[in-house]
Amino acid sequence: MTRPASPQRSAPAVRLRLEPFEERAQPSVSAGPVMHPNHVVRPFAAGGPAGGLSPAQVRHAYGFDRLADDGAGQTIAIVVAYDDPNIGSDLAVFDQAYGLPAPPSFNKAVAPGTPVDGGWAGETALDVEWAHALAPKANLLLVEAKSASTSDLLSAVDYARTQPGVSVVSMSWGGSESSFLTSRDSYFTTPAGHAPLTFVAAAGDSGAAAEWPASSPNVLAVGGTRVSVGSDGSYLGERAWSGSGGGFSRVYAAPAYQAGVLTGHRGVPDVAYDADPSSGVAVYSSVPDESGRSGWQVVGGTSAGAPQWAALVALANQERAAQGKTALGRAQDTLYTLNARDFHDITAGGNGYAAQVGYDLVTGRGTPIANLLVPDLAGVTPPAATTPALPTGTGTTTGTGGTGSTGGTTTTNPPPTRGVSIPIWFGPGFGWNFGGLFGWNLGGWPLTRGTVPVWFAF
């Protein structure tokens, strides 16, 4: 396999049973940059739960409804910034609309005096409702940081990772990489004496760039796609989403688990999920956002994928527990060893990098075929049923055989390593990056399979 070179310079509705929320004072860590949520609301979308993909459609499209797992016995921790005072009642509305049971327990940890932020409340609703949609019997722990600063968010992560029963932590936020942040990677590890943990993060919604914490080798990074489904949720095809974060890290070397797909620097993302707001999911939030919107919305962004991948890890941990095994620690270590048949290999579209056969810097290994992936991730015998062949002309293919094979090659044009990159695009072809980088996107906007990002440093 030719490896890419990375930069060498560096039922009836059930009422929600809401456990008492816990107020706490968070410990302090060193100050750092402000993070942003990675969700995108589709403007002018139809209101009501019919305005976006439903849990039943998503579960069917990705094969979750062919599993018996429901997350029972697992706890998913979700870390966000600011307080969402209505999340308990909003989850109840979501559950009633789709006939979902209430979670066995739902706890919220929040520091006294934490303010409300409408944008982050929408993020909270997305994360909680969709982690619950795919793992309805899992316990939920929502940890709300006092602000979106790195220090407050990492304090919240630190709290989440020490709580009994937590097996996976979801983080749908991020920001530009920096050498300052690499020293904070210990927050994404399992504390001594705790059962193994997996940390999952959204890769970003600004196209070709690696965001932190998704770029940390200790984190499972989730990129974005646009999925096409039938009215019954049947999977019709998928292509890479132009907004999906992805690329080479400027501060991390490639971890051992990526040795079969690239060399040099860490590649982002590891996997992908539906994220394009044009194929977004239905979310209910009664807290008005910065535009005054509240109620039912259609939401995308890689934030939609992170909590659903966290739910998938919880399902695998449920199967592992049934077999007397410990929970997965750093699920990404195992994901790269699995057969390509466990993933929809996305080969169309791009974010400035092109999606292609095998691993790529837009969708990673691809999106889950959950009825195959979850048992393999758990290390148990997969079900006998096979995934139906995809219709022709959908712009995607499922992975082919070969034990542990990712297949294909990756060719990229990584940006230079100097500076901190946040791509901002204005119109058909010009953009810049904060931190001493600017560039043009050859091929114009939107970023497509044929576009090539050209970067310059000063």
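Me: What kind of model is it, and what pLDDT do local features need?
Reply: The model is predicted; local features need pLDDT of at least 70, side-chain atom pairs count only at pLDDT 80 or more, and totals for chains, interfaces and linings use all residues. Residues are numbered from 1 along each chain as its sequence is written, and side-chain values use heavy atoms, with hydrogens and water left out.

Me: How many residues of H3 are buried?
Reply: 17 of the 17, so H3 is largely enclosed by the rest of the structure. Buried means under 20% relative accessible area (1.4 Å probe, protein chains only).

Me: Which residue caps the N-terminal end of H3?
Reply: Asp-117, with a side-chain oxygen 3.1 Å from the backbone nitrogen of Gly-119.

Me: Other topic: how many aromatic pairs are there?
Reply: Eleven, counting rings of Phe, Tyr and Trp (its six-membered ring) with centres within 6.5 Å; planes under 30 degrees apart count as stacked, over 60 as edge-to-face and the rest as tilted. In one of them, the rings of Tyr-62 and Tyr-273 have centres 4.5 Å apart and planes at 40°, so that pair is tilted.

Me: Where do Tyr-62 and Tyr-273 lie?
Reply: Tyr-62 is in the loop between helix H1 (55–61) and strand S4 (75–81), and Tyr-273 is in strand S15 (residues 271–274), so the pair ties together parts 211 residues apart in sequence.

Me: Is Tyr-62 buried or exposed?
Reply: Tyr-62 is buried, with a relative accessible area of 2%.

Me: And which residues form the aromatic cluster?
Reply: Phe-94, Tyr-98, Trp-130, Tyr-284 and Trp-296.

Definitions and conventions:
Buried < 20%, exposed > 50% of the residue type's maximum accessible area, 1.4 Å probe, protein only. Helix = DSSP H or I, 4+ residues; strand = E, 2+ residues; numbered from the N terminus. Polar contact = N/O pair within 3.5 Å; in protein donor to acceptor, adjacent residues only side chain to side chain.
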